[in-house]
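Here are some notes to read with the model open beside you. Take them one point at a time, and find each residue on screen as you go.

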Amino acid sequence: MKKALIFQGGWDGHEPEQVASILEGILIEEGFSVNVADSLAVLTEEHLPEYDLIVPNWTQGQIEDDQLKALMAAIETGTGLAGLHGGMGDSFRMATDYQFMVGGQWVAHPGNDGVRYTVQIKDRNHPLTNGMADFEVESEQYYMHVDPAVSVHATTTFPIADGPHAVNGSVEMPVVWTKKWGKGNVYYCSLGHVAKIVRMPEVMELMRKGMVWAAR
């Protein structure tokens, strides 16, 4: 049986406990043994590299150097990393090494919550998006700074909400991406502002495929 760790916490606005519970349920359905931790202290436990998958669900906050080094070492040696929205893409804003591993960082959501936009599937034959069609979301539309090394599997188009960014014209922004970090697989999905969005069938399917793919 594969083993997964979800560490949840940080800003309460992203409903970390509820989202962690949803992701835990998906992993259990996929046959994982899951440990859900509400402290970053779990990252310095000596058995961390034994996990096949680590799921960050911790918006903002601060990570200690020894905790970050242990997390990055586990991924580099083959543990998978997968997460969504600010729980992985806006964690530990001062930790640029973490952002390097993840492949990007949230910087804005023009229009804030309640923007209606389309998620465009790039390759419907890819295992991560197999059989999926484009779909609409009414939520935050994440504007990310993205590592050019990532492989992009779904996108959204800016601008929809007006603002000073709009004068730059149409921009295709990654929503789902993957990359490698050493021997580890890294998967990120920018959807999932609150539990209601995570429970959308399309988001559930993306996270199910992504977490299974990322696991060792």
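This is a predicted model: local features need pLDDT of at least 70, side-chain atom pairs count only at pLDDT 80 or more; totals for chains, interfaces and linings use all residues.

1. Now pick out V19, which sits in helix α1. Is V19 buried or exposed? Its relative accessible area is 1%, and buried means under 20%, so V19 counts as buried. Setting aside neighbours within four places in sequence, V19 is in contact with H14, N57, L84, V194, A195 and V198.

2. Follow the pairing around A4 and L53. Strands β1 (residues 3-10) and β3 pair in the parallel sense over 7 bridges, and the partner of A4 in β3 is L53. Strands β1 and β2 also run parallel, joined by 5 bridges, and here the partner of A4 is V34. Strand β3 is joined in turn to β4 (residues 80-84) by 2 bridges, again running parallel. In β4, the bridge partner of L53 is G80. To get from β3 to β4, the chain passes through helix α2 (residues 65-76), and this β-α-β crossover is right-handed.

3. Why can we call β3 largely enclosed by the rest of the structure? Because 7 of the 7 residues in this strand, residues 53-59, are buried. L53, V55, N57 and T59 point one way from β3, while I54, P56 and W58 point the other way, and all are buried.

4. Here is a general idea to keep in mind. In soluble globular proteins, nonpolar side chains tend to be buried together. In this model, the largest nonpolar core has 39 residues, and L53 and L191 have the most contacts inside it. Helix α1 gives the most to this core, with 6 residues. Apart from this core lies another, of 33 residues, including A37, L40, Y51 and Y188.

5. Zoom in on L191. Which residues does L191 touch, not counting those up to four places away in sequence? They are L84, H85, Y117, V119, F135, V137, V175, V203 and L206.

6. Finish with helix α6 (residues 201-214), where you can check a length yourself. At 1.5 Å a residue, its 14 residues should span 20 Å, and the end C-alpha atoms are 20 Å apart, so the two values agree. Buried residues in α6 are V203, L206, M207, K209, G210, M211 and A214. K209 has a relative accessible area of 18%, and because the limit for buried is under 20%, K209 is classed as buried. Leaving aside neighbours within four places in sequence, K209 is in contact with P127, L128, T129 and N130.

Note on methods. Residues are numbered from 1 along each chain as its sequence is written. Side-chain values use heavy atoms; hydrogens and water are left out. A nonpolar core is a set of buried Ala, Val, Leu, Ile, Met, Phe, Trp, Tyr and Cys residues joined through side-chain atoms within 4.5 Å. Buried means under 20% relative accessible area, exposed over 50%, partly exposed in between (1.4 Å probe, protein chains only). Helices (H or I, at least four residues) and strands (E, at least two) are DSSP runs, numbered from the N terminus. Contact means heavy atoms within 4.5 Å. Two strands pair if DSSP finds at least two bridges between them. A crossover is right-handed if, with the strands pointing away from the viewer, the path from the first strand over the helix to the second runs clockwise. The expected span of a helix is 1.5 Å times one less than its number of residues.
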